[in-house]
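Student: I would like to learn how to read a helical model, feature by feature. Where do we start?
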Amino acid sequence: SFNAAMSACQKGGQWEKSLGLLLELRSASLQPTEVTYGAAISASGQAGGGWQQGLTLLAEAEAQGLANEVCHNAATSACEKSARWDWALVLLCELEERGLQPDAISYNAALSACEKAGCWERSLQLLLQMHDRSAPDAVSYGATISACEKGKAWEHALELLAGMQRALLRPNVVGFNAAISACEKGERWQHAISLVAVMRERRVLPDIVSYSAVISACERGDQWQLALAVLAEMLHANLDPDVIIYNAAISACASASR
């Protein structure tokens, strides 16, 4: 069927073929279904800048009474891929106005859109709102921590990590790295180093990004000895520092000699 073929193309990353099948369906005077629109909107999200086409398709589905949660989530994801947080939030509101229930997918797409746009305060509001409607998961927290990192909101990033523990959720290396980077940007080298220790306690292996952020934090805090210690630890872990990491460690030492 057209629906099965469209879904297969969309899942296989062949968004052009998926949208082409929609045109063929219309040419054959066949009626699209919720599945048809869901696959077509998802396909439009895979196209660069396809969020506008996704919104157009969603409007068509709504006009025919075929816009379900899947269609709305697909349109929100299309907006997220283009960092259109404004439209992602509009779609989230519309979902509730139409009597549909936003789920974790709905909120996570909107949170990710806010994160990409650096709207950390809006991300925090969304996460708080999500607690009342759908339990946040690790993806929800991770996107919000990354938004806080971009906004240099290190205190909120640390609180969110603690919130994950209270919710019995396990932060991954990406979440930890975002929090460490937030501390680095906030010139909180002590917290950055502490987070690496917490990672080990929770059996999350620090990677190059983790060590790079910690060394940069030490550089900003004029902690050259710690910067060298972290660099040595990184080498002991069989990780290869890049030129940026070496430059940060050298810069820390240079600052100490002045």
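Tutor: Start with burial. A residue counts as buried under 20% relative accessible area, as exposed over 50%, and as partly exposed in between. This is a predicted model. Take N177: its relative accessible area is 8%, so N177 is buried.

Student: In which helix is N177 placed, and what does N177 touch?
Tutor: N177 sits in helix α11, residues 173-185. Leaving out residues up to four places away in sequence, N177 touches M199, D207, V209 and S210.

Student: What is the relative accessible area of N73, and which residues does N73 touch?
Tutor: N73 has a relative accessible area of 8%, so N73 is buried. The residue belongs to helix α5. With residues up to four places away in sequence not counted, N73 touches L95, D103, I105 and S106.

Student: Let me step back to the whole protein. How many helices and strands are there?
Tutor: The count is 15 helices and zero strands. Of the 258 residues in the protein, 47% are buried. Now look at sequence separation. Among contacts with a separation of 6 or more, 60% join residues 24 or more positions apart.

Student: What happens at the ends of α5?
Tutor: At the N-terminal end, look for a cap. N68 provides one: a side-chain oxygen of N68 lies 3.2 Å from the backbone nitrogen of V70. After α5 comes A83, with a positive phi near 60 degrees.

Student: Which residues of α5 are buried, and which helices do they pack against?
Tutor: The buried residues are C71, H72, N73, A74, A75, T76, A78, C79 and E80. They pack against α3 (34-46), α4 (51-63), α6 (85-97) and α7 (104-117).

Student: How do I read the packing of α5 and α7?
Tutor: Read the axis distance, then the angle. The axes of α5 and α7 come within 8 Å and cross at roughly 15 degrees. That makes α5 roughly parallel to α7, because angles under 35 degrees count as roughly parallel. Then read the hand: this crossing of α5 and α7 is left-handed.

Student: Which residues of α5 and α7 meet?
Tutor: From α5, they are N73, T76, S77, E80 and K81. From α7, they are I105, S106, A109, A110, S112, A113 and K116.

Student: At what angle do α10 and α11 pack?
Tutor: The angle is about 150 degrees, and the axes are 8 Å apart. That makes α10 roughly antiparallel to α11, because angles over 145 degrees count as roughly antiparallel. The crossing of α10 and α11 is left-handed. W154, A157, L158 and L161 in α10 meet F176, A179, A182 and C183 in α11.

Student: A179 is in that list. Is A179 buried or exposed?
Tutor: A179 has a relative accessible area of 0%, so A179 is buried. It lies in helix α11. Leaving aside neighbours within four places in sequence, A179 is in contact with I145, A157, L161 and L195. Also compare chain separation with space: A179 and A192 are 13 residues apart along the chain, and their C-alpha atoms are separated by 7.9 Å.

Student: What are the two separations, in sequence and in space, for W224 and I250?
Tutor: W224 and I250 are 26 residues apart in sequence and 8.3 Å apart in space, C-alpha to C-alpha. W224 lies in helix α14, residues 224-236. At 33% relative accessible area, W224 is partly exposed.

Student: One more backbone feature. What is the phi of K152, and of R203?
Tutor: K152 has a phi near 60 degrees, a positive value in a residue other than glycine. R203 also has a positive phi near 60 degrees, and is likewise a residue other than glycine.

Student: Where are K152 and R203, and how accessible are they?
Tutor: K152 is in the loop between α9 (138-150) and α10 (154-166). Its relative accessibility is 54%, so K152 counts as exposed. R203 is in the loop between α12 (189-201) and α13 (208-220). With a relative accessible area of 76%, R203 is exposed.

Technical notes: Residues are numbered from 1 along each chain as its sequence is written. This is a predicted model: local features need pLDDT of at least 70, side-chain atom pairs count only at pLDDT 80 or more; totals for chains, interfaces and linings use all residues. Side-chain values use heavy atoms; hydrogens and water are left out. Buried means under 20% relative accessible area, exposed over 50%, partly exposed in between (1.4 Å probe, protein chains only). Helices (H or I, at least four residues) and strands (E, at least two) are DSSP runs, numbered from the N terminus. Contact means heavy atoms within 4.5 Å. A polar contact is a pair of N or O atoms within 3.5 Å; within protein, one must be able to donate a hydrogen and the other to accept it, and residues adjacent in sequence count only if both atoms are side-chain atoms. Axes are lines fitted to C-alpha atoms, for helices over the stretch in contact, and angles run from 0 to 180 degrees between N-to-C directions. Angles under 35 degrees count as roughly parallel, over 145 as roughly antiparallel, 65 to 115 as roughly perpendicular and the rest as oblique. A crossing is left-handed if the near helix is turned anticlockwise from the far one by less than a right angle, and right-handed if clockwise.
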